[in-house]
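Work through the following exercises with the sequence and the 3D structure at hand. Try each task before reading its solution.

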Amino acid sequence: PGEERRAGREGVVRVAFTVDREGRVRDAMIVDADSGGFADAALRAVTRWRFEPGRRHGRPVAFRMELPLVFRLNER
């Protein structure tokens, strides 16, 4: 996020969500975040992601995930 970048901050956000049977992200929520700016950006990003749905007995099923999103400044 722009404000965090300008301030020189890096951070980590843990996001939990469900991947539905079509591979779309549903019910995304922040589990933990270093900053609110990072949390907002993480939720916006995750809700755009698409996944291969889980499979059980050959049929697509929804599943729950929790992932860390790491925000780092580029060292250029």
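**Exercise 1: A loop residue**

R24 lies in the loop between strand 1 and strand 2 (25–33); helices (H or I, at least four residues) and strands (E, at least two) are DSSP runs, numbered from the N terminus. The model is predicted, so local features need pLDDT of at least 70 and side-chain atom pairs count only at pLDDT 80 or more, while totals for chains, interfaces and linings use all residues. Residues are numbered from 1 along each chain as its sequence is written, and side-chain values use heavy atoms, with hydrogens and water left out.

Task: Find which residues R24 is in contact with, leaving aside its neighbours within four places in sequence.

Solution: 
1. Contact means heavy atoms within 4.5 Å.
2. R24 and R50 are 26 residues apart along the chain, and their C-alpha atoms are separated by 5.2 Å.
3. R24 counts as partly exposed, at 30% relative accessibility. Buried means under 20% relative accessible area, exposed over 50%, and partly exposed in between (1.4 Å probe, protein chains only).

**Exercise 2: The chain as a whole**

Task: State the pattern that the protein chain follows along the sequence, and explain why it is more spread out than a compact globule.

Solution: 
1. The protein chain has two helices and five strands.
2. Their pattern along the sequence is α-β-β-α-β-β-β.
3. The radius of gyration is 15 Å, well over the 11 Å that the globule rule gives for 76 residues, so the protein chain is more spread out than a compact globule. The radius is taken over C-alpha atoms, and the rule is 2.2 Å times the number of residues to the power 0.38.
4. Along the principal axes, the C-alpha atoms fill a box of roughly 50 × 25 × 15 Å.
5. Of the 76 residues in the protein chain, 26% are buried.

**Exercise 3: Aromatic rings**

Task: Describe how the rings of F17 and F51 are placed, and say which residues form one aromatic cluster.

Solution: 
1. A pair of aromatic rings is described by the distance of the centres and the angle of the planes.
2. Rings of Phe, Tyr and Trp (its six-membered ring) pair if their centres lie within 6.5 Å; planes under 30 degrees apart count as stacked, over 60 as edge-to-face and the rest as tilted.
3. The structure holds four aromatic pairs. In one of them, F17 and F51 have ring centres 5.7 Å apart and planes at 35°, so this pair is tilted.
4. F17 lies in strand 1 (residues 11–19) and F51 in the loop between helix 2 (36–46) and strand 3 (54–56), so the pair ties together parts that are 34 residues apart in sequence.
5. F17 is buried, with a relative accessible area of 0%, whereas F51 is partly exposed at 24%.
6. W49 and F51 form an edge-to-face pair, 6.2 Å centre to centre with 65° between the planes.
7. F17, W49 and F51 form one aromatic cluster.

**Exercise 4: Helix 2**

Task: List the buried residues of helix 2 and name what they pack against.

Solution: 
1. F38, A39, A41, A42 and V46 are buried in helix 2.
2. The buried residues of helix 2 pack against helix 1 (2–6), strand 1, strand 2 and strand 5 (63–71).
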